[in-house]
Amino acid sequence: MAEAFSKLFGFAINFVYFFFKLKKTENKITFISRQSNTPSLDFCCLINELKKNYPQYRVDVLCKMIPSGLSGKISYIFEMLRQMKSLASSRVAVIDGYSIPVCMLKHKRDLTVIQMWHALGAVKKFGWQSVGTKEGRSESISKAMRMHKNYDYVLAPSRKTAAFYSEGFDISLDRIKVLPLPRVDFILDGKDRKEEFYSLNPHMKNRKVVLYLPTFRSGEAMAASLLKKQFENKNEYQLVFSTHPLSEVKMDEEFSAKGNFSSYDLMKLADVIITDYSACAFEASLLLKPLYFFIPDYEDYMENRGINVDVKKEFPSAAFENAEMLADAIEKNDYDMNSLIEFKEKYVENADTNSTENLVKFILKQM
């Protein structure tokens, strides 16, 4: 039933799109995302660079999450029409996740689609890698919705990650370009908001900040509670949570930071960083601060979802299934920095402060 509806839906939107395609193609770049209702850091970096140095090109930015509930999903159709209208007159489309109009429509030949995935890599399996698994999507629905089709290029931060992306996006390696995301520039710019942070959180000033950045998944509440128990009475350390926007983890005031600080801001000022299967591990590695992996559900996750980067094997001295052992390792402060450097260089190549400029030049080549 769902598969038949998807095919009918695809036919209907392609019929409408045919009339949009009668519009003349412009020197325009369209940015589309359903990851949030505002442009991401990566989008903002690219857009600012384009407007500053290449004002001759028009830029359209269409960012909107699909609302919950039936009425919300129906209302999203109007957003899709806006996206279709913009795609029909663009030379380049840049997206950071699955986009229904991009993947399901038959586009003009002069449109180039660039997939700039919303993460700096993939620790866990995703897309076509996870289809058919317990936490993955249905194969029939994925095919009917043409998941990750119509991409001319996919950006990857390293050759190693390109192999994962080839599987996840079901695309040949020759269409994957090794170009780090613009956020790398922000992470490595040498600036931080420590003064502002400690003015709003004075009780943390003389303590070591341990930042916890979990991925969104089932079982994250259990992992969070185990960490809270280990750090609630350690006066030398301050555990701070920065969870996924969709997370259901209860944000206790004791483990929350006041102020509007992004996960990137918090990474810059943290003394220690803990994550799990999140791609933020690659971002954190750029800062060369002690990075740990807390994976109490490792066996279940391997069975139900699967991972590309087996941190227990690649980084055994920093991967823990037991919260008490993790806390002890942090206190001992005997960290294997050489393994962290190897991890960083393996998964984020050519990390410097020219990522935005290099990517804009690549986009303009497609114009």
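Student: In what order do the strands of the open sheet lie, and which are the edge strands?

Tutor: Keep in mind that this is a predicted model. Five strands make up the open sheet, paired in parallel, in the order β8-β7-β9-β10-β11. An edge strand pairs on one side only, and the two that do so are β8 (237-241) and β11 (319-320).

Student: Which residue in β11 is the bridge partner of Phe293?

Tutor: Strand β10 covers residues 291-294 and runs parallel to β11, with two bridges joining them. For Phe293, the bridge partner in β11 is Ala319.

Student: At about what angle to β10 does helix α14 run?

Tutor: Helix α14 spans residues 323-332 and lies across β7, β8, β9, β10 and β11. Relative to β10, the angle of α14 is about 170 degrees.

Student: Which residues does Ile274 contact, leaving aside neighbours within four places in sequence?

Tutor: Ile274 belongs to the largest nonpolar core, which has 118 residues, and is among the members that touch the most others. Beyond those sequence neighbours, Ile274 is in contact with Val210, Leu211, Tyr212, Leu213, Leu227, Tyr292, Phe294, Leu326 and Ile330.

Student: How many disulfides does the whole structure hold, and how far is Cys280 from the nearest cysteine sulfur?

Tutor: A search of the whole structure finds zero disulfides. Cys280 is in none, and its nearest cysteine sulfur, that of Cys45, is away by 18 Å.

Notes: Residues are numbered from 1 along each chain as its sequence is written. This is a predicted model: local features need pLDDT of at least 70, side-chain atom pairs count only at pLDDT 80 or more; totals for chains, interfaces and linings use all residues. Side-chain values use heavy atoms; hydrogens and water are left out. A nonpolar core is a set of buried Ala, Val, Leu, Ile, Met, Phe, Trp, Tyr and Cys residues joined through side-chain atoms within 4.5 Å. Buried means under 20% relative accessible area, exposed over 50%, partly exposed in between (1.4 Å probe, protein chains only). Contact means heavy atoms within 4.5 Å. Two strands pair if DSSP finds at least two bridges between them. Helices (H or I, at least four residues) and strands (E, at least two) are DSSP runs, numbered from the N terminus. Axes are lines fitted to C-alpha atoms, for helices over the stretch in contact, and angles run from 0 to 180 degrees between N-to-C directions. A disulfide is a pair of cysteine sulfur atoms within 2.5 Å.
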